[in-house]
Amino acid sequence: TSSGASTYGGAVTLTVTVAAADATVPTGTVSLSDGTAGIGTCTLSGGTCTLTSSALAAGTHAITARFPASARYAASVSGSLSQAVAPASTTTTVVSSNAASTYGGSVTFTVTVATANGTTASGSVSVLDGAASIGTCTLASGSCSVTTSTLGAGGHPMSARYAGDANHASSTSAQIDQTVAQAATTTSVASSSLSSAFGASVTFTVTVSPAAAGGSATVYDGANALGTCTLVSGVCSISSAALTAGSHAIGARYAGTANYATSAAAAIAQTVAQATTTTTLVSSSPSATFGVPVTYTVTVAAANGTTPTGTATLLDGTAGVGTCTLAAGRCDVTTGALISGTHALSARYAGDANHLGSTSATLTQAIVSPTTTVVTSSGASTYGGAVTLTVTVAAADATVPTGTVSLSDGTAGIGTC
């Protein structure tokens with residue numbers, strides 16, 4: 001007979017009774033077996049004996065007792081006794097080597113499986129992040145560890161599940177909280193040319209460390225965003241030709257990702273010079289008549305293809321003739337007021353915030369003034385007597401003509417003055 005169903009590792013007492021047909025009390029030693037495997041012996045006293053064992057594995061066992069023959073008693077074997085042994089219950093616990101870690105940092109989860117009766121559980125354990133396994137380990141002396149560096153930033157409910165073995169029941173630990181902080185980053189920005197000219201393209205390169213950080217970065221001119229780029233191996237760049245002339249504080253900010261914290265670069269000083277210009281002057285009529293309007297076209301071009309704005313002045317020598325306002329890089333001054341003669345004209349562009357001023361090459365302008373010629377006589381004369389002819393030449397521009405006048409009588413010249 002048995003003391004009852006037992007648990008693996010727990011003691012079970014088997015009691016053997018040997019009865020003789022003649023009512024005498026047998027003595028001797030009885031052997032007990034689990035199937036064909038011996039599990040021990042006991043010595044009869046008063047016809048009974050007991051064997052206590054804690055070695056039975058979990059499962060159902062067919063226990064028999066054999067009494068050997070002697071000179072007085074014949075041998076006998078008991079019927080089979082079904083002995084049930086349940087798997088031992090287990091308790092699983094998990095602890096973290098660093099409950100507040102940083103993304104990318106290594107964390108070790110140590111699992112311990114204990115049994116109520118002190119036996120040693122074997123087999124495997126899975127460490128879980130929620131319902132997802134992050135790794136499996138094999139128990140040695142009731143414990144094992146899983147190390148990982150792949151947990152994303154945020155909170156993680158961690159637990160461990162023991163699968164059980166032939167003699168031990170499975171069990172799952174209570175959850176523990178694992179907090180993973182975003183990894184810190186550093187950001188820097190560099191210019192392809194810290195001294196550039198207005199309209200010239202400048203490339204700003206952003207570097208974010210660690211290089212594994214993905215996402216995007218934005219380049220700023222003060223508080224104004226110049227553009228955003230996507231990081232590849234921690235580096236990206238934007239190009240801009242929109243910086244105005246002057247000094248600029250160029251910065252960059254990394255936007256961060258789920259696993260990497262945002263960071264900002266220290267500002268760098270970008271100096272943008274005014275663009276150089278070339279001014280040209282063209283006359284609609286290089287040789288004109290006084291009083292007839294002539295249009296002078298001023299064109300201002302920038303070396304980098306930008307469009308200058310502002311005003312240009314038409315000069316006759318150093319004297320201003322007129323001013324015009326540029327539209328699409330050109331403007332016109334129209335005048336008929338230049339007096340007769342040869343004029344050394346030029347155009348002077350005043351410049352604007354982003355463009356340097358410039359002066360055109362000299363343009364030679366010829367102006368011819370209309371004249372009126374009147375001839376008068378000293379009066380009627382006698383042949384052989386002197387007559388005085390007076391010639392008056394008047395210019396339309398009120399200047400006083402000089403030079404030589406030819407007088408004719410019909411088609412025959414009579415002299416000059």
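In this predicted model, the torsion about the S-S bond of Cys137 and Cys144 is about 50 degrees, and the disulfide is therefore right-handed. The sulfur atoms of Cys137 and Cys144 lie 2.1 Å apart. The structure holds four disulfides, one of them being the Cys137 and Cys144 pair.

**Disulfide bonding**
- A disulfide is a covalent bond that joins the sulfur atoms of two cysteines.

**The largest pocket**
- The largest pocket has a volume of about 160 Å³.
- Its lining consists of Thr1, Leu14, Thr15, Val16, Thr17, Leu32, Ile63, Thr64, Ala65, Ser78, Gly79 and Leu81.
- Strands β2 (12–17) and β6 (59–67) are the elements that give two or more residues to the lining of the largest pocket.
- With four residues, β2 gives the most to this lining.
- By residue class, the lining of the largest pocket divides into six nonpolar and six polar residues, with no charged ones.

**The nonpolar surface patch**
- Val375, Val387, Leu389 and Ile414 form a nonpolar patch on the surface.
- Together, the four residues of this patch have about 330 Å² of accessible area.
- One of the patch residues, Val375, lies in strand β36, which covers residues 371–377.

Definitions and conventions:
Residues numbered from 1 in each chain as written. Predicted model: local features only at pLDDT ≥ 70, side-chain atom pairs only at ≥ 80, totals over all residues. Heavy atoms only, no water. Patch = residues over 30% accessible without salt bridge, like charges linked within 9 Å, V, L, I, M, F, W, Y side chains within 5 Å. Areas by Shrake-Rupley, 256 points an atom, 1.4 Å probe, with all protein chains shown as cover. Salt bridge = Lys/Arg side-chain N within 4 Å of Asp/Glu carboxyl O. 1 Å grid on protein atoms, 1.4 Å probe; cavity = no way out; pocket = protein on both sides within 12 Å on 5 of 7 lines; lining within 4 Å. Points joined across faces, edges and corners; volume = space filled by probe spheres on them. Nonpolar A, V, L, I, M, F, W, Y, C, P; charged D, E, K, R; others polar. Disulfide = S-S within 2.5 Å.
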